[in-house]
Amino acid sequence: MKDIFKQCIYQIYPKSFYSSCGKATGDIKGITQKLDYLSLLGVDYIWITPIFLSPQNDNGYDVADYYQIDPAYGTMQDVDELIQKAKEKQIGIMFDMVFNHTSTNHVWFQKAIQGDPEYMDYYIFKDPVDGGEPTNWQSKFGGSSWEYVEHLDKYYLHLFDKTQADLNWKNENVRKALHAVLDFWLEKGIKGFRFDVINLISKPDVYRNDDFGDGKSMYTDGKRIHEFLKEMHEETFGKYEDIVTVGEMSATSIDYCIQYTNPQSHELDTVFNFHHLKVDYQDNQKWSLKPYDFDMIMQLFETWQTRIDQGGGVNALFWCNHDQPRVVSRFGDDQIYREESVKMLATAMHFMKGMPYIYQGEELGMSNAGFTTIEEYRDVESINYFHMHPELSDTEKYKILKAKSRDNARTPMQWDASIYGGFSTAKPWIDVCKNKNYINVEKAIAKKDSTFYYYQKLIQLRKEYDVMAYGTYHILKNQENMVYAYERTYENEVLYVVCNFSAESRLYEHREEYALLLGNYNSIAYKKGMLRPYEALVFYRKDDEL
Ligand code: TEU
């Protein structure tokens with residue numbers, strides 16, 4: 001049964017998780033074989049990024065058939081087995097539904113491009129304007145968002161790669177077809193869905209140039225978005241009680257997220273927003289280098305924690321996913337204080353209110369990839385960036401890619417110290433990170449105080465302590481710089497969390513009447529009133545008078 005605030009989701013990027021049969025890419029059987037590991041960690045759901053039939057231009061986010069499993073990942077039988085075996089371990093499988101667009105290989109698009117008017121209306125085809133593109137909108141992967149089809153003398157819209165054509169959600173047949181896809185997987189026993197860029201599905205009535213030059217304001221959280229989500233809820237997963245949903249929301253706002261996730265709205269359970277992961281963007285641009293803004297991230301945590309809760313919505317709690325650099329390299333220290341900072345960052349995130357997500361390898365403290373040449377990169381967005389900016393030197397671009405590329409999260413899961421990190425017996429599709437010799441599952445399981453067991457503890461505490469799950473969040477300001485402190489209160493319980501985001505000692509206000517619940521410096525006693533580098537302390541109090 002779902003209990004949003006008490007449960008934890010683990011994200012798997014199957015291509016990089018585990019190959020059961022000695023191939024370059026991971027597979028479904030590989031996930032099934034590692035269920036014991038996930039069960040030991042204690043997660044309740046596994047979200048698997050898309051494994052449907054796909055040309056893999058965007059690693060599966062370009063779906064060619066929602067009813068077929070890509071042979072690179074295995075078969076339908078493998079999926080059935082995974083669902084069954086996971087269920088035996090009380091783990092639900094969540095699928096990743098890419099409904100904003102399909103691959104241009106999808107049969108709908110293939111019919112559309114042949115000029116079949118019925119299927120052209122599944123997508124967004126527009127006439128040229130003044131002999132050129134219909135609007136000035138930019139693709140999120142660089143360049144124009146319009147692709148010209150000569151024999152039709154029309155353009156089609158693609159907010160992502162040109163092989164990812166945007167669907168026309170105004171067409172009722174499109175919506176019905178997508179609902180049928182969900183029904184199919186629900187009947188198979190899928191227990192949840194992650195909806196890819198779902199707040200981009202409601203496009204405007206009139207297509208015109210956008211003043212900001214990228215088009216985002218024209219389709220983000222569009223006018224019929226709530227209607228479409230409610231309809232999908234009512235027609236499909238809303239008929240079940242135990243399905244967990246999360247919507248990936250691009251550049252959204254708090255007010256929208258409250259409505260998306262308030263149970264009364266009957267839309268989604270949780271949403272990913274990315275504001276806290278843009279605090280190291282210069283002028284809102286991903287491809288830039290800037291030390292992260294600590295005050296800004298604290299401010300964002302405070303605002304989202306408080307307002308979403310007041311509005312009856314639910315936050316998704318996450319630092320990492322397959323599109324983001326590794327958190328330890330980004331906000332922690334992947335060298336000297338690696339273990340301390342991994343645990344501190346996990347503490348700061350998991351004690352907040354919402355539903356936590358762990359991305360594969362995060363529990364080991366896996367770091368950024370450390371690639372130095374373009375040949376090592378695989379991601380379409382990174383490769384486009386490299387080639388589309390001749391004005392920058394290669395050295396500059398390499399520095400930026402090293403910090404920002406999505407491939408930082410996509411290196412193979414590090415299972416042991418063997419040549420390919422235990423991911424496969426064959427050379428993986430993307431290189432294994434060089435630190436696999438000391439950062440790997442085998443080592444983490446063998447070490448009593450590893451980051452793995454720390455994450456395990458966080459998952460358990462959430463189940464044990466109602467205050468960690470349901471408590472009201474309250475930030476404690478006026479701390480020393482780089483100290484994040486907050487309280488959670490629920491009935492007669494209080495949690496007091498202090499986290500040092502810096503590599504130097506910092507003061508915090510010690511509270512005598514509280515007991516220490518958790519600390520990241522393991523057995524070494526903490527100093528009252530003083531936090532060591534990247535130290536995190538969680539204190540607890542239960543009081544009849546509270
Ligand atoms: O990502 C949505 C998205 O907006 C991304 O462009 C994200 O902001 C970007 O990767 C940051 O650099 C989703 C998926 O998570 C991503 O993997 C897909 O490529 C994308 O949708 C298209 O389906």
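Start by selecting Asp379, which caps the N-terminal end of helix α13: one of its side-chain oxygens lies 3.1 Å from the backbone nitrogen of Glu381. This is a polar contact (a pair of N or O atoms within 3.5 Å; within protein, one must be able to donate a hydrogen and the other to accept it, and residues adjacent in sequence count only if both atoms are side-chain atoms).

Before moving on, a word about the model. It is predicted: local features need pLDDT of at least 70, side-chain atom pairs count only at pLDDT 80 or more, and totals for chains, interfaces and linings use all residues. Residues are numbered from 1 along each chain as its sequence is written, and side-chain values use heavy atoms, with hydrogens and water left out.

**Along the helix**

Now select α13, residues 380-388. Helices (H or I, at least four residues) and strands (E, at least two) are DSSP runs, numbered from the N terminus. Val380, Glu381, Ser382, Asn384, Tyr385 and Phe386 are buried here, meaning under 20% relative accessible area (1.4 Å probe, protein chains only). Show α14 (394-404) as well: the buried residues of α13 pack against it.

**To the ligand**

Next, select the ligand, which 16 residues surround; the closest are Asp58, Asp196, Lys286, Asp323 and Arg406. A polar side-chain atom of Lys286 lies 2.5 Å from a ligand oxygen. For Asp196, an N or O atom of the side chain is 2.8 Å from an oxygen of the ligand, and for Arg406 the corresponding distance is 2.9 Å. The protein covers 90% of the 500 Å² of accessible area that the ligand has on its own (Shrake-Rupley method, 1.4 Å probe).

**Into the core**

Colour Phe99, Phe193, Trp319, Phe351, Tyr484 and Phe501: among the 157 residues of the largest nonpolar core, these touch the most other members. Such a core is a set of buried Ala, Val, Leu, Ile, Met, Phe, Trp, Tyr and Cys residues joined through side-chain atoms within 4.5 Å. Zoom in on Phe99; leaving aside neighbours within four places in sequence, its contacts (heavy atoms within 4.5 Å) include Tyr66, Trp169, Phe195 and Met232.

**Pairs of rings**

The whole structure has 55 aromatic pairs: rings of Phe, Tyr and Trp (its six-membered ring) with centres within 6.5 Å, where planes under 30 degrees apart count as stacked, over 60 as edge-to-face and the rest as tilted. Select Tyr18 and Trp415: their ring centres are 6.0 Å apart and their planes at 70 degrees, so this pair is edge-to-face. Both Tyr18 and Trp415 are buried.

Terms used: Buried means under 20% relative accessible area, exposed over 50%, partly exposed in between (1.4 Å probe, protein chains only). A residue is near a molecule or strand if one of its heavy atoms lies within 4 Å of it.
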